[in-house]
Amino acid sequence: MDSVIGVIGLGNMGSVIAKRLSNYYKVLGFDVDQTKIEEIKKEGINCPLSLDALASEINHLIVSLPGGQISKTVISEIAKYLSPKVIIIETSTLLPSDMKEIGNICNYYNLRVIDAAILGGIVHVTEGNANFLVGGLLETINKTREILSVLGKNIEYMGDLGAGMSAKIINNAVAHSVMVTIVEAATIGVKLGISSEKIYDLLKGETALIRPLKHRFNERVRNSDFQGGMSTINARKDSSLVLQLASELEIPLFSMQSTHTVYDIALKEGYGELDYSSIAKLWSKWTSIEY
């Protein structure tokens with residue numbers, strides 16, 4: 001049976017998904033916004049008038065909606081009309097708890113569902129170069145790979161249902177947090193007469209951004225190897241220096257100020273002589289996990 005794909009949510013991302021897939025499959029769209037429906041029709045994509053009409057024609061359903069509550073509501077509504085053969089691919093950015101609820105809805109109606117979080121923007125999907133972080137049963141995921149491969153070059157299995165969404169949230173949180181730190185660092189540098197180009201050249205090197213991930217997290221934290229290296233005492237000293245420097249320059253800091261607090265706590269816990277990656281021990285203690 002040839003794939004007929006329904007796409008619910010024809011916003012910026014959903015419309016791009018529908019357009020690209022329509023080059024390879026029969027695609028049907030659905031949205032409550034008539035303007036978006038008229039736009040997608042110009043691409044030769046038909047839009048049934050109701051969810052039950054859409055459900056009767058498809059064997060794969062891609063959901064691309066603004067948030068968790070609307071996604072759960074729409075899936076609850078269409079689920080009762082879908083054949084058990086249909087696989088739902090949730091691409092909206094949701095909490096993993098939202099995916100668990102969607103999974104429960106699908107289990108009730110004997111439907112299969114995966115989360116396929118998209119790393120990359122509209123341009124990446126348009127060109128078929130997005131990355132997908134997927135969660136769910138491997139057997140179900142494997143049945144969607146051909147479709148997802150039209151949209152993305154890499155499909156990374158992250159774990160159970162909801163793991164794809166979790167990974168995207170984590171990835172984005174790191175990017176957004178690092179952005180604040182970079183801007184703070186650049187502001188200090190420029191204020192001191194160092195060009196933004198020199199700041200860029202400095203930070204793109206190994207020691208600032210790459211080494212904390214590749215060496216300190218991957219080699220030390222994941223192996224609980226905190227002996228030797230740069231001590232937490234010295235890391236806290238450097239943190240104190242940048243706070244003092246920013247104060248002298250009257251530059252407000254948010255990210256660097258909050259990280260200083262972590263090193264204060266680590267010293268009180270007795271990690272001063274350990275490599276500063278030992279701050280991970282704090283979270284191990286607080287959450288009872290091992291990396």
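How much of the chain over residues 162–282 is helix, and how much is strand? Select that span: the chain there is 72% helix and 0% strand, and the end C-alpha atoms are 26 Å apart. Helices here are DSSP runs of H or I with at least four residues, strands are E runs of at least two, and both are numbered from the N terminus.

Before moving on, note that this is a predicted model, where local features need pLDDT of at least 70 and side-chain atom pairs count only at pLDDT 80 or more, while totals for chains, interfaces and linings use all residues. Residues are numbered from 1 along each chain as its sequence is written, and side-chain values use heavy atoms, with hydrogens and water left out.

**Stop 1: two annotated spans**

Residues 162–282 carry the UniProt annotation "domain: 3-hydroxyisobutyrate dehydrogenase-like NAD-binding", from an unreviewed entry. Now select residues 5–159, where UniProt places "domain: 6-phosphogluconate dehydrogenase NADP-binding" (unreviewed entry). Such annotations may be inferred rather than shown by experiment; their positions are given in the numbering used here, and feature names are shortened. The span 5–159 is 42% helix and 25% strand, with its end C-alpha atoms 24 Å apart.

**Stop 2: the sheet**

Show the strands. Seven of them form an open sheet of mixed pairing, in the order β2-β1-β3-β4-β5-β6-β7. Select β2 (26–30) and β7 (152–159): these stand at the edges with a single partner strand each, so one side of each has no neighbour in the sheet. From one strand to the next, the twist averages 25°.

Zoom in on β3 (residues 60–63) and β4 (residues 87–90), which pair in the parallel sense over four bridges. Two strands count as paired if DSSP finds at least two bridges between them. Pick Leu61 and you will find its bridge partner in β4, Ile88.

Next, select helix α5 (residues 96–108), which lies across β4 and β5 (112–119) and runs at about 150° to β5. Angles run from 0 to 180 degrees between N-to-C directions, using axes fitted to C-alpha atoms, for helices over the stretch in contact (heavy atoms within 4.5 Å).

**Stop 3: the largest pocket**

Select Thr181, Ala208, Pro212, Thr259 and Tyr263. Of the 39 residues lining the largest pocket, these are the closest to its centre. A pocket is an open set of points on a 1 Å grid over the protein atoms alone, where a 1.4 Å probe fits, with protein on both sides within 12 Å along at least five of seven lines; lining residues have an atom within 4 Å of a point.

Which helix gives the most to this lining? α9 does, with nine residues.

**Stop 4**

Now select Ile8, Gly9, Ser64, Leu65 and Pro66, which lie nearest the centre of the second largest pocket, among its 23 lining residues. α1 (12–21) and α4 (68–79) each give two or more residues to this lining.

**Stop 5: two serines**

Finish with Ser224, in the loop between α11 and α12. Ser224 has a positive phi of about 50° although it is not a glycine. Most residues other than glycine have a negative phi.
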